Amino acid sequence: MIRCPEVFRLSRSRARNAAPSVLVLAILMLGAMPMPAVGADAAAGKTLALQWCSSCHLVSQDQPTAASVSLPSFYDIAQDPDWTETTLATFLADPHPKMPNMSLGNTEIANLAKYINSLRPQ
Ligand code: HEC
């Protein structure tokens, strides 16, 4: 019983110290928002994905033919925290050597990245 107020005070001071850093983090995250995402169109990205990527990757549940199951599906990619719209955009600007040399424009890349990201479970 004697320790109760002590614990209370400790947790209150922790909370007070944590508040500014949470705020700083939030501001940093806002600053890190990927620029290509502005105005990107996930629906157009899906069309592109079905056209360009579905011969290898599973890009959508409504894809008519199942692609190679050994490759990461776009759902896998969406769930991987390392793949954000920014890292996807960077990757797609200079694709993996095992992927065909696609030359995608900036708008196409942004739309694809936005689409893949939209598959992430909310
Ligand atoms: C000809 C087959 C082929 C096509 C078409 C293709 N890819 Fe890939 N992709 C691959 C292969 C193979 C890998 C995996 C290579 C590895 O893991 O080493 C890969 C890996 C990836 C990865 C990295 C996944 C990870 O977790 O490492 C992303 C992202 C990706 N592809 C996106 C796309 C997008 C977007 C398109 C369409 C614009 C596309 N790919 C079209 C074959 C393809």
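## Exercises on a predicted model

Of the protein's 122 residues, 18% count as buried. Keep in mind that this is a predicted model.

**Exercise 1.** Find out how many helices and strands the protein has, and in what order the elements run.

*Solution.* 
Step 1: Counting gives five helices and zero strands.
Step 2: Reading from the N terminus on, the order is α-α-α-α-α.
Step 3: Now look at the contacts with a separation of 6 or more: 62% of them are between residues 24 or more positions apart.

**Exercise 2.** Decide whether S68 is buried or exposed.

*Solution.* 
Step 1: Locate S68, which sits in the loop between helix 2 and helix 3.
Step 2: Count its C-beta neighbours inside 10 Å; there are 10.
Step 3: A residue is exposed if that count is 12 or fewer, so S68 counts as exposed.

**Exercise 3.** Work out where the buried residues of helix 2 lie around its axis.

*Solution.* 
Step 1: List the buried residues of helix 2: G45, K46, L48 and A49.
Step 2: Look down the helix axis. These residues fall within an arc of 165 degrees, so they line one face of helix 2.
Step 3: Turn to the other side of helix 2, where A43 and Q51 are exposed.
Step 4: Ask what covers the buried residues of helix 2; helix 3 and helix 5 are included in the cover.

**Exercise 4.** Describe helix 5 and what covers its buried residues.

*Solution.* 
Step 1: Helix 5 takes in residues 106–118, 13 residues in all, and spans 18 Å from its first C-alpha to its last, close to the 18 Å expected.
Step 2: Its buried residues include I109, L112, Y115 and I116.
Step 3: The cover over the buried residues of helix 5 includes helix 2 (42–52), helix 3 (74–79) and helix 4 (85–93).

**Exercise 5.** Find which residues touch the most other members of the largest nonpolar core.

*Solution.* 
Step 1: At least two core residues come from each of helix 2, helix 4 and helix 5, and helix 5 gives the most, with six.
Step 2: Zoom in on L92: leaving aside neighbours within four places in sequence, L92 is in contact with L104, I109, L112 and A113.

Conventions. Residues numbered from 1 in each chain as written. Predicted model: local features only at pLDDT ≥ 70, side-chain atom pairs only at ≥ 80, totals over all residues. Helix = DSSP H or I, 4+ residues; strand = E, 2+ residues; numbered from the N terminus. Expected span 1.5 Å × (residues − 1). Buried ≥ 20, exposed ≤ 12 C-beta atoms within 10 Å, placed from the backbone. Contact = placed C-beta atoms within 7 Å. Core = buried A, V, L, I, M, F, W, Y, C linked by C-beta atoms within 7 Å. Arc of directions from axis to C-beta.
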